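Please read this briefing alongside the model shown below.

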Number of protein chains: 2
Amino acid sequence: MEEQFIDFDNSLGPWLGKTVKVIQYYLHKGFKEAGLDLTKEQMIVLKRLHSHDGLNQNELALLVLRDKSSLARLLSKMERKNYIIKVQCTDDKRCNNLFLTDVGREVFKKTRPIINEIINKIETDVSKEEKQIMISVLKKIQSNFGESFSTI
Amino acid sequence: MEEQFIDFDNSLGPWLGKTVKVIQYYLHKGFKEAGLDLTKEQMIVLKRLHSHDGLNQNELALLVLRDKSSLARLLSKMERKNYIIKVQCTDDKRCNNLFLTDVGREVFKKTRPIINEIINKIETDVSKEEKQIMISVLKKIQSNFGESFSTI
DNA sequence: TTTAGATAGTTGCATATGCAACTATCTAAA
DNA sequence: TTTAGATAGTTGCATATGCAACTATCTAAA
């Protein structure tokens, strides 16, 4: 069939994958060099709670595109480091509201310059038009895979 | 500083990251639904060996952007499943040449339609021009992070 | 008011990852 | 020819991930 002849190496998938790997490598490296005890994944959680304090685990898991079990373990580590706290919901004993601690807020603040540097590096020599096209295509790709992802 | 005001959520990094996560989710799902005993990571190794049989572990690790220790363990699992074999280099006892087995080749063949479907899904409603811009910007981003990555 | 099904979060298991330290081997320079 | 440094691959450790099965709790319908 026609299918056999799709050019895998020049399709968007591998290019996207490789680019993200490169970015993640330098992000982790940046945190390490700044002496921050933090992974990229934990940073994303801090970021979300920073703008949406009080989410419960299920809500947060949806936002960060992670399985709730994976997130639960991530949160445990962050709780041990005193970056976040879990507070049992008042109206539902099963559920926890998540909050940044002052320590967590402080750590997040320290990631700012590192993240900004990475963003600047990513977008070096990328024009406004190119950036706009990138984002619109990325949105399109996400929505090609179904509504569930397009709203995140 | 100016730095504080960079718009994290609308920068390329998070958009790229999310998109890749969505793609990977459906790729894994596709393999599972087809009954293939294979992860995305193992598929990438099969793909590389398919076009470059005989690479050693260090060479392959560079190509797939993985730490050699991570790759070593990936290869062990694939060797156990009889997808690949390691053959000690004739001229250097430290080094292994890696080869696909017939089983590995067969499994890789079976991933083809799944991968093609994902690629088609990704590129739905993405014009040739958009795709070209995407790839050129992704290349640019990779090279922004240094020569070491730009050639992979 | 009982209870079946839904929901929030956890745990077991298997996979994947990178760094640092290690072994075995090779190579190039004294 | 010896040997110091380089190189290929492995192992220990800590992290991250998703699926399936689980517990505790809640909710809506009989």
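Which element gives the most to the surface near DNA strand D? That element is H4(A), with five residues; helices (H or I, at least four residues) and strands (E, at least two) are DSSP runs, numbered from the N terminus. This is a predicted model, in which local features need pLDDT of at least 70 and side-chain atom pairs count only at pLDDT 80 or more, while totals for chains, interfaces and linings use all residues. Residues are numbered from 1 along each chain as its sequence is written, chains are lettered from A and ligands numbered from 1 in the order in which they are written, and side-chain values use heavy atoms, with hydrogens and water left out.

**DNA strand D**

- DNA strand D is surrounded by 28 residues, the closest being Thr39(A), Asp67(A), Ser69(A), Asn58(B) and Arg94(B); a residue is near a strand if one of its heavy atoms lies within 4 Å of it.
- Sugar or phosphate makes up 68% of the atoms of DNA strand D within 4 Å of the protein, and the rest belong to bases.
- A base oxygen of DNA strand D lies 2.7 Å from a polar side-chain atom of Arg73(A), where a polar contact is a pair of N or O atoms within 3.5 Å (within protein, one must be able to donate a hydrogen and the other to accept it, and residues adjacent in sequence count only if both atoms are side-chain atoms).
- A phosphate oxygen of DNA strand D is 3.2 Å from a polar side-chain atom of Lys86(B).
- By class, the surface near DNA strand D holds five nonpolar, nine polar and 14 charged residues; Ala, Val, Leu, Ile, Met, Phe, Trp, Tyr, Cys and Pro count as nonpolar, Asp, Glu, Lys and Arg as charged, and the others, Gly among them, as polar.

**DNA strand C**

- Of the 28 residues around DNA strand C, those that come nearest are Asn58(A), Arg94(A), Thr39(B), Arg66(B) and Asp67(B).
- Within 4 Å of the protein, 67% of the atoms of DNA strand C are accounted for by sugar and phosphate.
- In the side chain of Ser70(B), an N or O atom is 3.4 Å from a sugar or linking oxygen of DNA strand C.
- H4(B) gives the most to the surface near DNA strand C, with five residues.

**Helix H4 of chain B**

- H4(B) runs over residues 68–80 and reaches 18 Å from its first C-alpha to its last, close to the 18 Å expected at 1.5 Å a residue; the expected span is 1.5 Å times one less than the number of residues.
- Its buried residues (under 20% relative accessible area, with exposed over 50% and partly exposed in between, for a 1.4 Å probe and protein chains only) are Leu71(B), Leu74(B), Leu75(B) and Met78(B).
- These residues cover an arc of only 100° around the axis, which puts them on the same side of H4(B); the arc is that of the directions from the helix axis to the C-beta atoms.
- On the other side of H4(B), Arg73(B) and Arg80(B) are exposed.

**Gln42(B)**

- Gln42(B), which lies in helix H2 of chain B, counts as buried because its relative accessibility is 5%.
- Leaving out residues up to four places away in sequence, Gln42(B) touches Asp37(B), Leu74(B), Lys77(B), Met78(B), Lys81(B) and Tyr83(B), contact meaning heavy atoms within 4.5 Å.
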